[in-house]
Protein chains: 4
Amino acid sequence: MIPRYARPEMIAIWDAQTRFKIWFEIEAHAADALAELGVIPKQAAAKIWEKAGNATFDVARIDEIEAQTKHDVIAFLTHLAEIVGPEARFVHQGMTSSDVLDTCLSVQLARASDLLVCGVERVLAALKTRALEHMYSVRIGRSHGIHAEPTTFGITLAGFYAEFSRAKDRLVAAKAEIATCAISGAVGTFAQIDPRVEAHVAAQMGLTIEPVSTQVIPRDRHAAFFCALAVVASSIERLATEIRHMQRTEVLEAEEFFSEGQKGSSAMPHKRNPVLTENLTGLARLVRSAAVPALENVALWHERDISHSSVERGIGPDATIHLDFALHRLAGVVEKLLIYPDRMKANLDLLGGLHNSQRVLLALTQAGASREEAYSLVQANAMAVWSMPSPRPSDAFLTRLRADPKVTALLRSDHLTSLFDDSHHFAQVDTIFARVFG
Amino acid sequence: MIPRYARPEMIAIWDAQTRFKIWFEIEAHAADALAELGVIPKQAAAKIWEKAGNATFDVARIDEIEAQTKHDVIAFLTHLAEIVGPEARFVHQGMTSSDVLDTCLSVQLARASDLLVCGVERVLAALKTRALEHMYSVRIGRSHGIHAEPTTFGITLAGFYAEFSRAKDRLVAAKAEIATCAISGAVGTFAQIDPRVEAHVAAQMGLTIEPVSTQVIPRDRHAAFFCALAVVASSIERLATEIRHMQRTEVLEAEEFFSEGQKGSSAMPHKRNPVLTENLTGLARLVRSAAVPALENVALWHERDISHSSVERGIGPDATIHLDFALHRLAGVVEKLLIYPDRMKANLDLLGGLHNSQRVLLALTQAGASREEAYSLVQANAMAVWSMPSPRPSDAFLTRLRADPKVTALLRSDHLTSLFDDSHHFAQVDTIFARVFG
Amino acid sequence: MIPRYARPEMIAIWDAQTRFKIWFEIEAHAADALAELGVIPKQAAAKIWEKAGNATFDVARIDEIEAQTKHDVIAFLTHLAEIVGPEARFVHQGMTSSDVLDTCLSVQLARASDLLVCGVERVLAALKTRALEHMYSVRIGRSHGIHAEPTTFGITLAGFYAEFSRAKDRLVAAKAEIATCAISGAVGTFAQIDPRVEAHVAAQMGLTIEPVSTQVIPRDRHAAFFCALAVVASSIERLATEIRHMQRTEVLEAEEFFSEGQKGSSAMPHKRNPVLTENLTGLARLVRSAAVPALENVALWHERDISHSSVERGIGPDATIHLDFALHRLAGVVEKLLIYPDRMKANLDLLGGLHNSQRVLLALTQAGASREEAYSLVQANAMAVWSMPSPRPSDAFLTRLRADPKVTALLRSDHLTSLFDDSHHFAQVDTIFARVFG
Amino acid sequence: MIPRYARPEMIAIWDAQTRFKIWFEIEAHAADALAELGVIPKQAAAKIWEKAGNATFDVARIDEIEAQTKHDVIAFLTHLAEIVGPEARFVHQGMTSSDVLDTCLSVQLARASDLLVCGVERVLAALKTRALEHMYSVRIGRSHGIHAEPTTFGITLAGFYAEFSRAKDRLVAAKAEIATCAISGAVGTFAQIDPRVEAHVAAQMGLTIEPVSTQVIPRDRHAAFFCALAVVASSIERLATEIRHMQRTEVLEAEEFFSEGQKGSSAMPHKRNPVLTENLTGLARLVRSAAVPALENVALWHERDISHSSVERGIGPDATIHLDFALHRLAGVVEKLLIYPDRMKANLDLLGGLHNSQRVLLALTQAGASREEAYSLVQANAMAVWSMPSPRPSDAFLTRLRADPKVTALLRSDHLTSLFDDSHHFAQVDTIFARVFG
């Protein structure tokens with residue numbers, strides 16, 4: 001985990017104190033259920049809560065015990081016994097370490113999911129605000145990096161809104177996948193523990209029961225979780241890439257906010273760089289890198305091996321913390337993005353009206369030309385304009401077409417002119433917005 | 001795509017003829033909608049279906065045209081014009097190549113999903129049959145590859161059934177993600193085409209409309225799709241790994257079916273190897289390898305670049321074909337798996353009853369020993385049995401405990417004996433089966 | 001393997017006939033060595049060559065036998081016996097299938113490496129030619145997509161030349177890693193075969209001996225091989241990305257060659273898209289996707305399991321074929337790249353001379369200003385120019401500085417002017433070229 | 001970075017103080033060179049060393065400045081100015097941040113490589129010791145997890161020794177790839193700085209010069225570096241997997257050392273689990289996960305973008321720290337591995353002598369049977385023994401063969417018996433050892 005790409009809220013989910021607190025809650029709720037079932041004395045279960053319910057656990061002490069026993073849960077239980085006293089022997093009855101560890105991880109990932117959903121919602125709010133603001137900010141659409149036909153910046157942002165709505169759905173589904181509880185004993189048979197204990201702990205911790213655990217919760221769930229994060233990270237990369245492109249010197253249709261006192265470069269004082277979105281591009285790579293090891297974790301041996309553990313100690317916090325940070329960084333970028341409609345307009349005209357080549361093509365076809373003939377005709381005129389030095393006159397293409405007798409034989413002058421009315425391109429903007437924003 | 005790991009049903013989805021057929025249907029349905037809207041003549045739309053609706057497309061001819069135009073959709077349209085005649089100029093009006101290509105890919109992936117779901121269902125059926133058959137086939141549960149406590153092979157299979165039920169859910173969700181239609185024109189603005197065309201084509205092709213396309217359907221959908229496949233592949237790997245472990249010479253609790261005339265090794269005639277499940281392990285790696293490039297495909301530039309295309313030409317067929325094959329190979333392995341309950345029973349006893357160490361530990365705790373004391377007491381006796389040569393007498397551990405005065409001071413002899421009654425471990429098998437199979 | 005991204009030379013390495021030819025050669029050379037050692041009759045070895053040395057193997061027949069025996073090498077040997085006759089029983093003596101399969105794979109990968117090196121050499125030649133041609137074609141250097149300081153297109157290409165020289169070194173090293181021969185028997189002990197057979201076959205096939213094989217050649221070698229390919233693919237992506245950026249409409253400093261009759265878009269006849277470099281970007285992702293499964297293949301069980309095999313049937317041909325194709329496609333792009341020095345010059349001036357901000361900063365520092373003061377002074381003036389509409393007068397920055405008394409207090413007018421002499425930036429071009437081209 | 005999988009030596013390379021120390025050295029050596037060239041006063045260069053050469057940098061102060069300037073190198077230089085005083089304005093002259101950052105990263109990765117090589121050397125030493133110790137510890141070789149033919153544990157370890165020798169070579173090569181210095185200015189043109197400064201700093205820092213840098217050192221080098229680490233990690237996984245298999249209850253040919261007071265399971269006191277090698281399996285996945293983002297980092301835009309930076313802040317320390325830890329953990333496992341030759345011997349006999357099936361096959365062939373007939377004959381007898389309950393009499397296969405008249409018609413009884421003399425399998429152990437250990 002890289003501290004500079006981390007928010008305290010998400011860090012807190014993964015710190016040692018939180019983990020021990022969750023472990024305690026699992027054990028204490030299990031004790032309640034065991035007491036209810038008559039397996040352990042009710043006053044023992046009460047004592048556990050009484051003595052340790054508000055405890056701050058001594059992380060250093062637990063580490064010290066673990067150094068000796070080489071077992072983290074035993075170390076925790078030993079420390080818990082120091083706090084609880086003799087009733088501690090009723091703790092963890094019939095349970096195995098994984099019951100605690102895996103259920104805790106479920107709680108942490110479920111909480112992390114909630115935070116991530118909040119992050120996406122902030123991104124969505126920012127995208128919606130800016131989309132409505134720039135619903136009709138006209139700009140050139142680009143395929144292959146080459147001017148294609150006009151669109152609006154609002155449509156661009158609406159598309160990202162739709163994508164991040166899917167991101168939210170994916171995170172909600174990922175949480176549902178991961179939020180399960182297993183208190184099923186050493187090999188998942190409930191041999192030493194009643195399934196009702198699992199049901200009780202699950203309900204108390206906000207989880208559902210795992211239908212069949214082995215010793216562990218099956219890792220296909222975790223793989224699906226981290227893959228979902230990887231997809232969300234890739235959507236972040238796409239939006240970041242869009243902004244980076246827009247901020248290129250030659251394009252400059254938008255810029256990341258550049259604060260007072262900020263320095264773009266130690267050497268070149270004139271620089272204003274899209275460093276936040278470049279950073280988001282890198283963070284996306286980092287978050288994605290959790291997917292492969294999570295997938296490799298699925299095929300544990302028999303009822304479990306512990307190879308997944310070190311992986312999850314890494315990717316659990318790292319992927320959630322960095323994605324959480326990235327979502328908020330992205331939201332901030334969108335919220336404060338400097339947007340330049342004038343420059344969008346200027347760029348639109350760079351190719352001298354070539355962005356209407358399709359409309360001319362269609363009109364020629366409808367006027368009776370075969371698709372092939374029409375294409376050749378338009379392409380020939382377009383290439384002539386293409387080879388003019390930039391910036392071309394904004395009506396360069398229309399002028400050329402008007403001078404081509406093969407064109408004018410099929411299309412009257414006013415018809416030709418009408419094909420260059422850009423408003424035609426924006427007739428469905430409200431349809432698109434209605435689809436996305438309802 | 002590796003032919004030996006492919007079934008004809010899935011190959012067919014990806015062959016050139018199918019692709020051109022789908023392209024045609026998209027174009028022809030679009031023509032219908034355009035005719036309905038009065039953009040093109042109704043009899044032109046009718047003629048398109050009439051002339052080409054049952055056509056077999058000449059793949060070699062299309063390739064030939066593409067070699068010249070360097071554009072696959074134009075090559076197809078040119079060939080279609082050769083079939084349809086003059087009305088061909090009404091085809092593709094206001095559409096862009098990606099409208100055809102992306103919607104076709106959606107159709108192919110949706111159909112592939114359906115086949116994959118069938119494959120999973122065959123795996124599920126096989127797992128259920130064998131699980132019910134071996135509901136009470138007792139075997140040792142293993143954590144870390146080391147004997148832990150008893151379970152049944154039925155529970156193992158029920159767990160896989162639950163996992164593959166999730167696999168099915170993931171594939172169903174993946175299909176829903178991917179099954180969208182975009183007929184929105186060059187930059188997604190519907191500038192030259194009415195959104196009702198998209199709605200019509202979507203309905204006819206069994207898709208939903210894409211709320212905002214750029215020139216393309218956003219690739220986060222495809223990334224999610226291939227990630228879902230990767231998770232399913234990892235579940236295959238886990239089951240394959242379980243069987244490979246079971247077939248190890250020293251374990252031999254199950255074996256892949258070995259047919260008459262089969263040869264396990266060119267050099268060693270005695271060999272019967274789990275080659276199918278090893279192969280499935282490799283196929284899982286192959287299917288998973290589609291996830292990263294699919295994630296890298298998301299961040300296309302602006303309204304689109306074409307970098308995703310070559311990737312999808314590879315992973316589209318490869319991942320679906322190999323996963324489909326793997327599911328059926330896996331189902332076959334499970335259906336015909338040779339299962340050896342006697343050997344499971346023999347293996348269970350290998351450690352001389354140590355698999356009841358937890359029950360002794362719990363009994364001592366309940367009899368008043370602290371968790372620490374009880375643990376030391378049981379561990380000391382267990383390690384003595386552990387160091388006996390294998391195979392140990394099946395009651396070796398009980399014998400030792402009976403001879404330990406520290407143990408007998410806390411537990412009476414008949415109580416001790418009762419702890420070694422294995423039936424205790426299977427009390428919840430029906431609970432688990434009810435969770436999984438209802 | 002995607003046929004449209006494949007060259008026949010590389011395909012040939014992987015076709016069935018070539019594979020059987022190599023298998024035969026391995027068996028026949030081994031027979032020679034066995035005959036020399038007196039294990040089999042010399043005339044048997046001679047007969048093997050005589051009967052099958054120029055044979056075309058019947059691939060369909062071998063497939064047919066394999067369908068029955070479920071073992072590819074046995075199927076081949078059975079077919080070989082049909083060709084060779086009774087002496088066939090002296091073939092494969094003491095060998096195991098992997099001796100043949102793995103040594104064959106080494107031969108194929110070694111030959112593939114040679115082809116890949118040829119591909120890189122073509123790229124290098126193209127880069128050198130164009131670098132020398134454009135050694136002093138001035139263009140703006142860009143960091144973060146933002147204009148930084150001038151460079152030359154020759155330097156850009158020289159940098160890529162250096163990178164592809166490393167690519168060549170990596171491929172040469174990868175070949176050396178992979179080009180080993182193992183004829184060591186069922187578990188690598190040479191129990192049934194003399195190590196001198198391995199040495200003979202290795203020498204004849206252009207390989208070195210594998211110091212310790214198990215049943216197979218250890219897969220860390222193959223992992224290293226495919227990782228090397230992945231790095232080369234990433235270098236291709238970088239050059240492809242550079243060209244894609246250069247071809248953007250707003251930049252247009254270079255363009256992929258656009259042939260007569262080519263169509264950029266089915267809908268928009270004006271388009272000229274960098275489709276080859278976009279395709280290379282996608283191919284890079286595909287080639288890279290071989291790295292992870294190759295790494296996952298390393299940890300085979302004990303003396304071997306066969307999980308690697310299906311993976312290698314995929315990535316072996318796919319990664320080498322697509323990388324080979326990509327290298328030649330890239331070379332073609334560079335060879336024919338349309339390069340526009342005038343546009344480079346025009347872009348250079350877009351920011352009104354801000355690209356000299358560092359030189360002004362340094363001059364102010366040397367004139368006595370603290371780094372902090374100088375930075376603030378330059379940044380303030382630069383931001384004023386930055387906020388001017390584009391295109392700015394090419395001397396906009398100089399004009400502003402001349403009007404700032406805090407600047408002129410430290411720098412005389414002619415000194416200021418001299419800082420805007422761009423030739424200063426190119427003083428070391430020859431040094432850089434000497435480093436790269438010698 | 002996960003603290004529990006980290007050694008202080010490697011952590012130290014990556015801590016803030018070390019980084020600032022390296023930054024300082026780069027700046028101070030550059031100042032020396034600049035002074036030598038007459039660009040800055042010699043006594044300024046001297047003063048820089050004098051004031052800050054032994055300084056401990058105030059990390060919190062630097063963080064504070066960075067929070068304001070949002071630029072790490074500027075923050076450092078500002079703090080350095082606080083230490084050095086007015087001469088600080090001669091620091092960083094003509095340099096850009098990346099000159100410092102990238103050269104520093106090279107130093108860190110080079111030092112990390114040295115530590116990793118030490119780790120591999122410890123693994124090699126342990127492997128050699130144990131290999132010589134168990135040169136003739138006979139065990140069954142296993143292909144597909146199934147008994148094949150005998151080998152020795154010494155051969156197994158010798159094979160790993162050879163693999164880790166390659167690992168060492170890869171790390172040495174990776175260091176050479178990465179250990180370059182770039183002091184070439186904002187876009188790599190040396191516009192503001194003499195190339196001799198770079199040469200001086202390179203020599204002082206133990207690096208070679210980067211032939212062409214842009215603003216940064218090209219990232220194909222880093223990709224190759226992290227791929228090399230990934231391959232080494234996979235080799236660790238293979239050895240870890242071997243040991244995990246050996247420790248399985250049914251096999252138990254070796255065990256990880258189990259210390260006094262260690263607890264294998266919180267629930268089951270009898271457990272001794274291969275937790276270290278399972279952990280190594282997981283760490284291998286983590287280290288490997290650096291490869292993909294490193295490959296994605298290569299294609300930076302133009303002269304650079306900063307997307308690589310966040311990735312490297314993660315994978316730089318994480319991959320090197322975890323690999324370093326893993327190598328030492330692995331070395332410890334091998335050094336203290338409990339090895340059980342008696343159990344190896346017992347396992348060898350489990351299949352009743354079937355491991356000699358190939359020798360019988362060969363003898364029958366040499367006695368005149370066709371390969372096909374001989375195979376059928378041996379397979380039929382072998383399958384009969386295979387289906388006997390385990391453990392079989394150690395001479396079960398020989399007994400069966402002696403009773404088969406088709407066999408005895410070809411092979412005399414004493415010949416048959418001689419084929420079951422296992423010593424034949426070990427005739428080349430010394431050859432193999434000579435290849436590996438010289």
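Domain bounds here come from an automatic or database domain assignment. In chain A of this predicted model, that assignment gives domain 1 (3-256 + 270-345) and domain 2 (354-419), and the C-alpha centres of domain 1 and domain 2 of chain A lie 55 Å apart. Residues are numbered from 1 along each chain as its sequence is written, while chains are lettered from A and ligands numbered from 1 in the order in which they are written. Since the model is predicted, local features need pLDDT of at least 70 and side-chain atom pairs count only at pLDDT 80 or more, whereas totals for chains, interfaces and linings use all residues.

A UniProt annotation from an unreviewed entry, "domain: Adenylosuccinate lyase C-terminal", covers residues 352-437 of chain A; positions are given in the numbering used here, the feature name is shortened, and such annotations may be inferred rather than shown by experiment. Over residues 352-437, chain A is 60% helix and 0% strand, with its end C-alpha atoms 34 Å apart. Helices (H or I, at least four residues) and strands (E, at least two) are DSSP runs, numbered from the N terminus.

Turning to the pairing of chains A and B, 72 residues of chain A are in contact with 73 residues of chain B, contact meaning that C-beta atoms, placed from the backbone, lie within 7 Å. Elements giving two or more residues to the chain A side include β1 (138-143), β2 (146-152), α7 (153-178) and α9 (220-247). The largest share, 13 residues, comes from α9(A). By class, this side of chain A has 30 nonpolar, 25 polar and 17 charged residues; Ala, Val, Leu, Ile, Met, Phe, Trp, Tyr, Cys and Pro count as nonpolar, Asp, Glu, Lys and Arg as charged, and the others, Gly among them, as polar.

Chain A superposes on chain B by a rotation of 180 degrees with 0.0 Å of shift along its axis (RMSD 0.1 Å), which is the relation of a two-fold axis. In chain A, the C-alpha of A:Cys227 is nearest the axis, 3.1 Å from it. The same surface serves both copies, as 100% of the contact residues of chain A recur in chain B.

Leaving aside its neighbours within four places in sequence, D:Cys227 is in contact with C:Cys227, C:Ala230, C:Val231, C:Ala291 and D:Ala291.

Technical notes
Two residues are in contact if their C-beta atoms, placed from the backbone, lie within 7 Å. Copies are superposed by least squares on the C-alpha atoms of residues with pLDDT of at least 70 in both.
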